[in-house]
Amino acid sequence: MQTAANISLVLTDCSSLKRFADSQREISYGGFYQQLASELVRTVRKREVFRELGDKLVELAEEAHIFRDMEVVERASQILTRLQLHPQYQAVGLYYQALCIHRFGLGDIDHAARLLETVAENAPPRYRARAMISLGAKPRRQGDYGAALALYRDAGRFVSRNGIYDPFSTLQIQRMVAVVNGLKGNHRGAIALLEDLCRLAHSMRLSQPHVYYDYMNSLAVELGEVGRLEEAKNVSQIVLASPYAGAYPEWRETREEIELRGWRASRARMAFSQKRSEAKKLPPIRQKRAADDVAVSQNSFEAKNVVRLPVHEHAESLAAVETSPEGEPAHVLSMQEWTEKMHKRSSDDLQEGRPKPTTERERQARLMELRNLDAREMMMRVMTSVADDVSYDQLFRALIILEGLEPGENQGA
C-alpha cells in the first residue's frame with residue numbers, strides 16, 4: 001500500500017501522466033511501467049522536435065539577415081517568440097525582432113534598443129554579446145562616441161569573461177571600435193586596429209564571408225581617409241566582386257567616395273600648383289580670387305562644373321594644326337609673338353565677336369565684366385584662338401586683347 005501511494009503521488013505531480021494514476025489498480029505493474037516508458041519517450045521526442053524546429057528557425061533568421069531579407073527575418077523571429085519553445089529560443093527571436101525594428105538605423109531605434117537590452121540580459125551568451133554590440137549603434141549614430149565605445153568594451157569583457165568562442169562577436173567588437181576611432185578623426189589608429197584583425201577576418205572568409213567583406217569595406221574607408229587611395233580602390237574592388245555586394249549598398253558608396261576623393265585630389269593638385277606660382281605676382285584682390293578658385297576646385301565635384309566642348313569645333317581645331325616634317329624641330333608657340341599678333345588684331349575692326357567699345361564707360365563696363373569671369377569662363381572666350389595651356393594672368397591679358405581693349409592702358413586693372 002505504501003508503494004502504491006508513492007507511485008500515485010509521483011504521477012499526480014506530472015500532468016502528462018495523470019491518467020496513469022487513475023487506472024493504476026486496473027493494470028499490472030509490468031504494464032504500468034511499459035506505458036510510463038512510452039510516455040517518457042514521446043515527451044523526449046517532442047522536446048527534440050521543438051529543439052530541431054528552434055535550431056532551423058535560428059539558422060533561417062541568420063541566413064536571411066546576411067542577405068538583408070528582413071521580411072524572412074521578421075517571420076522567423078515571430079515564430080521563435082510565439083511558439084512554446086525553450087526561453088532561449090524566444091530570446092534569440094527577440095534579438096532578430098529588434099534588428100527588424102531597427103532597420104539599419106531607419107526604423108524605431110528606441111524601441112529596438114529596449115528589446116536589445118532585454119536580450120542582453122536573458123539570451124544565450126553568444127546572443128547577449130551580439131545584442132550589446134548592436135546597442136552601440138544608437139549612440140554611434142547620435143555622435144555619442146564615448147557611450148558607443150563603452151558598450152563595445154563591455155561586450156568584449158563579457159565575451160572574455162564567459163569564454164565565449166564566437167569569431168563573429170570578436171571581430172565585430174574590434175571593428176566597431178576602429179569605426180568609432182575613424183569617426184572621431186583618428187584614422188591612422190583605426191587602420192592599425194583593422195590591420196591587427198586581418199588574420200582573424202581572413203580565417204572567417206569561408207565560414208562567414210559577409211563578415212569578412214564587411215571588415216574589408218571598413219578597411220577601404222579608412223585607407224581612403226588617409227589618402228592611400230590606390231590601396232583603398234583595390235580593397236573596395238574585392239568587396240564589390242563578392243556575391244553579397246547587392247545587399248550592402250554602403251559598399252558601393254565607399255567605392256564612389258574613394259573615386260571622388262581621387263578626382264578632387266587630382267583637381268586640387270593641378271589648381272594649387274598653378275595658383276601658387278601666380279599668387280606672388282598678382283595684386284591682392286586677384287590673389288583672393290585665385291584662392292577662391294582653388295577652394296572651388298577642391299570642394300566642387302558636380303558634373304555641371306565640367307566644361308564640355310563641341311565635338312565639331314574640336315575636330316576643326318585639330319585639322320588646323322600642321323604637323324612638322326620628320327627630322328625638323330616642332331614649332332614652339334611664343335607668348336610674346338602671340339600677344340603682339342592679338343594686339344595687331346585688336347587694332348583692326350573685328351568682323352566677328354563682340355563689338356569694340358567706343359566710349360570709356362563701355363570700356364570700364366567691359367573690364368568689370370571680365371573681372372567677374374573665372375578661369376573656365378575665360379578659357380571658353382578665348383578657346384577658338386588658343387590651343388595651348390596658359391596661366392591665369394595670361395588668360396586675363398589675352399581676353400582683354402580679344403575684347404578689343406588696349407593692353408597698355410589696362411594691365412593694372
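Good morning. I begin with the largest nonpolar core, which has 43 residues, and in which Tyr 95, Tyr 96, Tyr 127 and Tyr 152 touch the most other members. A nonpolar core here is a set of buried Ala, Val, Leu, Ile, Met, Phe, Trp, Tyr and Cys residues joined through side-chain atoms within 4.5 Å. Buried means under 20% relative accessible area, exposed over 50%, and partly exposed in between, with a 1.4 Å probe and protein chains only. At least two residues of this core come from each of helix 3, helix 4 (70-82), helix 5, helix 6, helix 7, helix 9 (145-161) and helix 10. Helix 5 supplies the largest share, 10 residues. Apart from this core lies another, of 29 residues, including Leu 171, Tyr 212, Tyr 248 and Ile 258.

Please note the basis of these values. The model is predicted, so local features need pLDDT of at least 70 and side-chain atom pairs count only at pLDDT 80 or more, while totals for chains, interfaces and linings use all residues. Residues are numbered from 1 along each chain as its sequence is written, and side-chain values use heavy atoms, with hydrogens and water left out.

Now the chain as a whole. It contains 22 helices and 0 strands; these are DSSP runs numbered from the N terminus, helices being H or I with at least four residues and strands E with at least two. Of its 413 residues, 36% count as buried. Among contacts (heavy atoms within 4.5 Å) with a separation of 6 or more, 56% join residues 24 or more positions apart.

Let us return to Tyr 127. What does Tyr 127 touch, not counting residues up to four places away in sequence? The list is Val 58, Glu 62, Val 92, Tyr 95, Tyr 96 and Val 119. Tyr 127 is one of the buried residues of helix 7, as are Ala 131 and Met 132. In total, 8 of the 11 residues of helix 7 are buried.

Ala 120 belongs to helix 6 (residues 109-122) and counts as buried because its relative accessibility is 14%. Beyond its neighbours within four places in sequence, Ala 120 is in contact with Arg 128, Ala 131 and Met 132. Between the C-alpha atoms of Ala 120 and Ser 134, which are 14 residues apart along the chain, the separation is 9.9 Å.

My last topic is the largest pocket. Its volume is about 1,600 Å³. The lining comprises 49 residues, with Arg 68, Gln 172, Arg 175, Met 176 and Asp 214 nearest the centre. On a 1 Å grid over the protein atoms alone, a pocket is an open set of points where a 1.4 Å probe fits, with protein on both sides within 12 Å along at least five of seven lines, and lining residues have an atom within 4 Å of a point. Grid points are joined across faces, edges and corners, and the volume is the space filled by probe spheres set on the points.

Which helix gives the most to this lining? Helix 13 does, with 9 residues. Helix 13 is mostly covered, with 15 of its 17 residues buried. Just after helix 13, Gly 227 takes a positive phi of about 90 degrees.

Finally, Asn 181 lies in helix 10 and is buried, with a relative accessible area of 16%. Thank you.
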